[in-house]
Each structure stands twice: as structure tokens, then as C-alpha cells.
Amino acid sequence: MLPITVEFSGGAELLCGNVKKHEVELPKLDGKWQIRNLLVWIKDNLIQERPELFLLGDTVRPGILVLINDADWELMGELDYDLQERDRIVFISTLHGG
Amino acid sequence: MYKYKRYDIVLDATDNVATRYLLNDACVLARKPLVSGSALRFEGQLTVYNCDGGPCYRCLFPQPPPPETVTNCSEGGVIGVVPGIIGSMQALEAIKIASGIGSSYTQRLLLFDALDGTFRSVKLRPRSPTCIVCGNEPSITQLIDYIQFCGAAASDKEKELTVLDQQFRINAKEYQAMLTCGEPHLLLDVRPEVELGICQLPHASLNIPLAIFNKDASKATKQVLQWIRDLEEKKQEFEQQQESSLSHSHDAAKALGNNHSPTVVCVCRRGNDSQLVVRRLQEELKIQISCGELSKGQQDIKLVDIKGGLHAWARHVDREFPIY
């Protein structure tokens with residue numbers, strides 16, 4: 001089991017029952033847990049409606065920024081990042097209003 | 001269009017995606033820092049683009065979000081204090097840049113959550129060498145058509161949908177006539193539950209939000225049908241009364257077509273969601289008819305929506321009606 005925190009903000013939380021913070025335990029996996037398979041797990045386990053507003057192909061849809069422990073995921077290897085215990089992964093829908 | 005060239009720092013406090021891409025590209029082309037603030041509901045975001053080796057908006061978001069994923073403030077709402085706080089911080093960053101101190105939000109993003117009372121600052125990627133506007137070999141060297149690029153208008157106004165044929169729509173005055181003569185009908189309010197607390201039409205209604213229809217149209221339709229069963233009984237009483245007195249309901253009967261099937265009137269804030277629900281109901285009823293689940297009376301259910309929704313009601317019928 002791999003305990004991590006998954007958070008949603010900027011409206012992305014509306015896709016998972018309006019819950020922002022999810023403490024989850026990822027089940028044991030043959031290979032490594034990476035962001036790539038985490039996205040699929042989130043789609044299957046946390047997203048309650050309209051998964052197309054979260055995923056597009058095998059990555060997040062345009063307009064969602066992914067943070068790994070408070071850093072832009074692009075600095076961390078994006079989909080190939082190997083998840084560690086107690087990582088905090090945040091999905092932020094960018095805001096456009098003003 | 002080239003007005004911004006006269007200024008040294010640009011603050012983006014706009015309310016839509018197309019204008020945000022436009023300002024970004026303009027600032028990159030004119031080499032101006034862009035202090036970008038945004039807000040929605042209880043959240044705000046702040047960052048500085050195109051400044052001291054930091055990214056531009058396109059480095060972070062090479063592709064615009066699909067228009068259906070964008071919630072604007074006029075639809076989603078925003079609590080006024082949040083843009084106030086974000087705006088003040090934009091002013092602060094502009095002063096820091098102008099005075100040479102430099103901004104704290106180059107390559108950083110501030111996330112303000114007013115509901116949790118938290119400010120969080122996160123590290124962003126640096127400028128992308130492959131960015132199509134600020135990269136080493138940019139392909140955008142002048143401003144483009146941003147409305148086309150984003151597939152959405154450069155405003156935060158709602159688009160007026162035309163999903164339904166005119167025959168499935170009544171206007172606010174026609175609905176008023178129905179109310180005046182007491183024509184039995186089911187009023188189906190498809191707004192989110194919380195909005196019913198703000199205002200409602202002066203008639204008992206069933207509230208099933210559009211989101212519920214999107215989630216389980218079949219279940220929502222069954223709920224409507226149950227209401228209709230109750231309504232049919234009321235309607236029979238009404239018609240007995242009508243026979244005993246001369247008909248006052250001529251206008252309403254004309255407005256709705258003179259038939260004896262139950263009528264469902266859908267309403268929402270502006271007349272967009274109500275059309276989508278009527279469409280959903282039409283489809284569901286077709287399925288249920290083909291499964292033989294509906295009685296003959298139910299098969300003739302008349303579905304209409306109120307054109308322009310509550311906004312039209314406030315404009316054409318009740319000027320005192322609160323709109324939001």
C-alpha cells in the first residue's frame with residue numbers, strides 16, 4: 001500500500017463530489033506507481049462525473065495544472081514521476097474569472 | 001491594439017480565456033511583464049508571466065481549455081472580497097517590479113483559498129525553450145485571432161443556446177397567462193437547489209437540477225412522471241370545474257395548444273439549461289415509450305421551457321423579481 005494525498009482545487013473538486021482533499025492508499029502494484037497510472041486510478045476511484053473533464057487521452061486535459069509536492073509536475077518528470085509515500089499531488093483547474 | 005506598448009507593466013484582471021491569451025502574447029511580443037490575477041467562487045490565483053526568465057501563460061498552458069470546462073464568474077459566481085485581495089496583490093507586485101525590487105511571483109503561483117483561509121505558493125516551470133510565443137524559435141510573431149483559438153467569446157457572458165424548436169418554448173407572458181387562469185401544469189425548476197433560495201416563480205415547483213439529469217436521466221425522468229400522475233388527478237378536477245363555469249383559460253389553452261395531455265414547464269435562470277432538460281426528457285420518454293413503460297396519457301406529455309428563464313420573467317412580467 002502506498003499512502004498519498006490527492007487534492008483538487010480551482011473547480012476540479014466539483015468532479016469528485018466537491019471534496020478537495022483525499023487521503024488515499026494506493027493498492028500494491030506489480031510495477032511502480034507513477035503519475036501515469038495514478039491518473040487512471042483517480043479516474044476510476046475518485047472522479048464521480050464527467051471524467052472527460054479531467055483526462056484527455058492518457059494525460060490531464062488542457063487547463064489543469066498538476067503539482068507534485070507544491071512544484072509544477074513538469075519539474076518532476078510529469079507522467080513518469082515515481083510516487084513516494086506521503087506525496088501530495090494537487091490538480092488545479094486554472095481560473096479565468098476576474 | 002498597440003496601446004499597451006506605452007506601458008511598462010500590464011496587469012491582467014480580465015474575465016475570459018481569449019483575452020488572457022491575447023494579453024500574454026501581446027506582453028511577450030512587447031517584452032512587458034504581465035501580472036496575472038484571477039478569481040472564481042472562493043478561490044484566487046496570482047502569478048507573473050514573462051518576467052526574469054519565468055514562463056509565459058502559453059508555457060504553462062500551450063492549449064486553451066475546452067470551452068465547456070471553463071466556468072466564468074457570471075455563471076459560477078465569485079465572492080467580491082477575493083478579487084479584491086488578488087487585485088491588491090497584483091498592485092503590490094506591479095509596484096515591486098516598477099521599483100526594481102522584483103516580483104516574488106515570477107515562476108511561482110499563489111493559490112488563495114478563501115474558504116480554507118489558506119495561501120499557498122507553488123513553484124512553476126521556467127520559460128519553455130519550445131514555447132510557440134516566448135520560446136527560442138517562436139511561431140507566433142504577431143497577434144492572432146484569440147476567439148477562434150479558444151473557441152469561445154472574449155467575454156464572460158453566457159451564450160444563448162438554441163436547442164429547442166419554437167414549438168417547445170413559451171415566453172414569460174404566456175406562462176403568466178397560464179398562472180392567471182390556474183391551468184394545472186408541472187413547473188420543473190432545473191437550477192441547482194441553492195439558487196431556489198434566492199428566488200422562485202410564484203407556483204409550486206419540482207426541483208431537479210440539470211446535473212441530476214446528466215447523471216441519471218432515467219431516474220430523474222421517473223421522478224417527473226410520478227409528479228405527472230399526481231397532476232393528472234388535479235387536472236381532472238380542474239376540467240370539471242371548467243365545465244361548470246365558462247372558460248377563462250382560452251388564452252392559456254391557445255398558448256399551450258388545446259390538448260388534454262399533461263404539461264411540463266421547465267425553467268432555469270436564463271433559458272439554456274431548461275432547453276437541455278426538455279431535450280433530455282424528450283429522449284428519455286422516447287426510450288420509455290419504446291420499452292412500453294408509459295401509459296397512453298403519459299405518452300402525450302407536453303414539454304416546454306420558458307424562453308429566457310427567470311431573467312425574461314423579471315424583464316417582461318415582474319420587474320420586482322430578483323435576478324442574479
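Chain A and chain B meet in this predicted model. At their interface, 21 residues of chain A are in contact with 33 residues of chain B. Strand 5 (64-68) and strand 6 (71-72) of chain A each supply at least two residues of the side that touches chain B. By class, that side of chain A has eight nonpolar, eight polar and five charged residues.

One residue of chain A deserves a stop here. A:Gly98 is found in the segment after strand 7 (88-93) of chain A. Which residues does A:Gly98 contact, leaving aside its neighbours within four places in sequence? They are B:Ala13, B:Thr14, B:Asp15, B:Gly37, B:Ser38, B:Ala39 and B:Pro83. Is A:Gly98 buried or exposed? A:Gly98 counts as buried, because it has 24 C-beta neighbours inside 10 Å and the cut-off for buried is 20 or more. UniProt, in an unreviewed entry, lists A:Gly98 for "modified residue: 1-thioglycine".

The largest nonpolar core has 59 residues. Within this core, A:Val66, A:Phe91, A:Ile92 and B:Cys56 touch the most other members. Helix 1 (residues 17-30) of chain B gives the most to the core, with eight residues. Take A:Val66 as an example. Leaving aside its neighbours within four places in sequence, A:Val66 is in contact with A:Val60, A:Trp73, A:Ile89 and A:Phe91. A second, separate core has 31 residues. Among them are B:Ala177, B:Leu187, B:Cys268 and B:Val277.

Now follow chain B along its length. The domain assignment gives chain B a domain 1 (3-150) and a domain 2 (166-316). How many Å separate the centres of domain 1 and domain 2 of chain B? The answer is 44 Å, taken over C-alpha atoms. B:Ile95 and B:Gln299 are 204 residues apart in sequence. In space they are 67 Å apart, C-alpha to C-alpha. B:Ile95 is found in helix 4 (residues 81-98) of chain B. B:Ile95 is exposed, because 12 other C-beta atoms lie within 10 Å and 12 or fewer is the cut-off for exposed.

Chain B also has an open sheet. Five strands form this sheet, in the order 6-10-9-7-8, and the pairing is parallel. Which are the edge strands? They are strand 6 (169-170) and strand 8 (205-207) of chain B. Each of these pairs on one side only. Strand 8 of chain B pairs with strand 7 (residues 186-189) of chain B in the parallel sense, over three bridges. One bridge can be named. B:Asp189 has B:Asn207, in strand 8 of chain B, as its bridge partner.

Finally, look at the backbone. Most residues other than glycine have a negative phi. Two residues here have a positive value. For A:Glu78, phi is near 45°. A:Glu78 sits in the loop between strand 6 and strand 7 of chain A. With 16 other C-beta atoms within 10 Å, A:Glu78 is partly exposed. For B:Arg41, phi is near 50°, again a positive value in a residue other than glycine. B:Arg41 has its place in the loop between strand 2 (34-40) and strand 3 (43-49) of chain B. B:Arg41 counts as buried, because it has 20 C-beta neighbours inside 10 Å.

Notes. Residues numbered from 1 in each chain as written. Chains lettered and ligands numbered in written order. Predicted model: local features only at pLDDT ≥ 70, side-chain atom pairs only at ≥ 80, totals over all residues. Domains from an automatic or database assignment. Contact = placed C-beta atoms within 7 Å. Helix = DSSP H or I, 4+ residues; strand = E, 2+ residues; numbered from the N terminus. Nonpolar A, V, L, I, M, F, W, Y, C, P; charged D, E, K, R; others polar. UniProt positions renumbered as here; feature names shortened; annotations may be inferred. Core = buried A, V, L, I, M, F, W, Y, C linked by C-beta atoms within 7 Å. Pairing = 2+ DSSP bridges.
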